[in-house]
Amino acid sequence: MYPQKPSETYDPTAPPVIGAPIYQAAPPPMYPMQSVRPQEWSSGLCDCGQDCKTCCLACFCPCIAFGRIAEIVDQGTTPCATSGAIYAILTCLTGCQWVYSCMYRSKLRTQYSLPESPCNDCLIHCCCEPCALSQEYRELQTRGFDMKIGFDMKIGFQANMARQAGIAMTAPPSIQGGMMK
């Protein structure tokens, strides 16, 4: 169909050429990175005195506090009981539950553009686990989450999302039980 170049001649004994032609793609355009300005934490790491209930929960029942935090940070994909049980098992077997909880601190910081302060997430959880859990718990409460309802059976999810949006949530109508004539 196309005329061959004079230097290209057909050689029936040459091995066939296999594969697709390789083209040099142009590099992607360089766009300036848009930096998201970190927000500040609503309370400090050592502000446990602001909320004694949260402080006691984080100190004496950290698996419950962590389970509630993890359920909200994971947006309901991991139930509170599952996260809390994993935390408790890690505490009993290894004592390194802080590795698991520091991952959720990182997720929380990423979701809300919070700074990694006063130091690295893992270091905070390793040295000050109750203070870190208490701070994360207070942060989610400040952002409008009801930590007790979590994301349980989508009812908690809907109620928390409604609280975030400032919409009043109404209860479903009650249905009378039993058969009536």
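A search of the whole structure, which is a predicted model, finds four aromatic pairs. Rings of Phe, Tyr and Trp (its six-membered ring) count as a pair if their centres lie within 6.5 Å; planes under 30 degrees apart are stacked, those over 60 edge-to-face and the rest tilted. In general, a pair of aromatic rings is described by the distance of the centres and the angle of the planes.

**Aromatic pairs**

- The ring centres of Phe66 and Tyr87 are 5.0 Å apart and the planes stand at 25°, so this pair is stacked.
- Distant parts of the chain are linked by this pair, since Phe66 lies in helix α2 (residues 62-73) and Tyr87 in helix α3 (residues 80-93), 21 residues apart. Helices here are DSSP runs (H or I, at least four residues), as strands are (E, at least two), numbered from the N terminus.
- Phe66 and Tyr87 are both buried. Buried means under 20% relative accessible area, exposed means over 50%, and partly exposed lies in between (1.4 Å probe, protein chains only).
- Tyr100 and Tyr104 form an edge-to-face pair, with 5.5 Å from centre to centre and 85° between the planes.
- Helix α4 (residues 97-112) holds both Tyr100 and Tyr104, four residues apart, about one turn of the helix.
- Tyr100 and Tyr104 are likewise both buried.
- One aromatic cluster is formed by Phe66, Tyr87, Tyr100 and Tyr104.

**Cysteines**

- The count of disulfides comes to one, a disulfide being a pair of cysteine sulfur atoms within 2.5 Å.
- The disulfide is formed by Cys102 and Cys122, whose sulfur atoms are 2.4 Å apart.
- Cys102 lies in helix α4 and Cys122 in helix α5 (residues 121-127), so the pair ties together parts that are 20 residues apart in sequence.
- Cys102 is buried, at a relative accessible area of 3%, whereas Cys122 is partly exposed at 30%.
- Cys61 takes part in no disulfide, and the nearest cysteine sulfur, that of Cys63, is 6.4 Å away. With a relative accessible area of 31%, Cys61 is partly exposed.
- Cys127 is also in no disulfide; the nearest cysteine sulfur, that of Cys126, is 4.7 Å away. Cys127 is exposed, with a relative accessible area of 56%.

**Backbone geometry in loops**

- Ser117 and Pro118 are joined by a cis peptide bond, with omega about 5°. Pro118 lies in the loop between α4 and α5.
- The loop between α4 and α5 also contains Ser113, a residue other than glycine with a positive phi near 50°. Ser113 is partly exposed, with a relative accessible area of 22%.
- Gln75, not a glycine, has a positive phi of about 55°. Gln75 is located in the loop between α2 and α3 and is exposed, at 52% relative accessibility.

- Ser134 is placed in helix α6 and is buried, with a relative accessible area of 0%.
- Leaving aside neighbours within four places in sequence, Ser134 is in contact with Cys48, Thr54, Cys55 and Ala58; contact means heavy atoms within 4.5 Å.

**Largest pocket**

- The volume of the largest pocket is about 170 Å³. On a 1 Å grid over the protein atoms alone, a pocket is an open set of points where a 1.4 Å probe fits, with protein on both sides within 12 Å along at least five of seven lines. Grid points are joined across faces, edges and corners, and a volume is the space filled by probe spheres set on the points.
- Twelve residues line the largest pocket, and Lys53, Thr54, Tyr137, Gln141 and Lys148 lie nearest its centre; lining residues have an atom within 4 Å of a point.
- At least two residues of this lining come from each of α1 (52-60) and α6 (129-142). The largest share, three residues, is supplied by α1.
- The lining of the largest pocket divides into four nonpolar, two polar and six charged residues. Ala, Val, Leu, Ile, Met, Phe, Trp, Tyr, Cys and Pro count as nonpolar, Asp, Glu, Lys and Arg as charged, and the others, Gly among them, as polar.

**Basis of the values**

- Residues are numbered from 1 along each chain as its sequence is written, and side-chain values use heavy atoms, with hydrogens and water left out.
- In this predicted model, local features need pLDDT of at least 70 and side-chain atom pairs count only at pLDDT 80 or more, while totals for chains, interfaces and linings use all residues.
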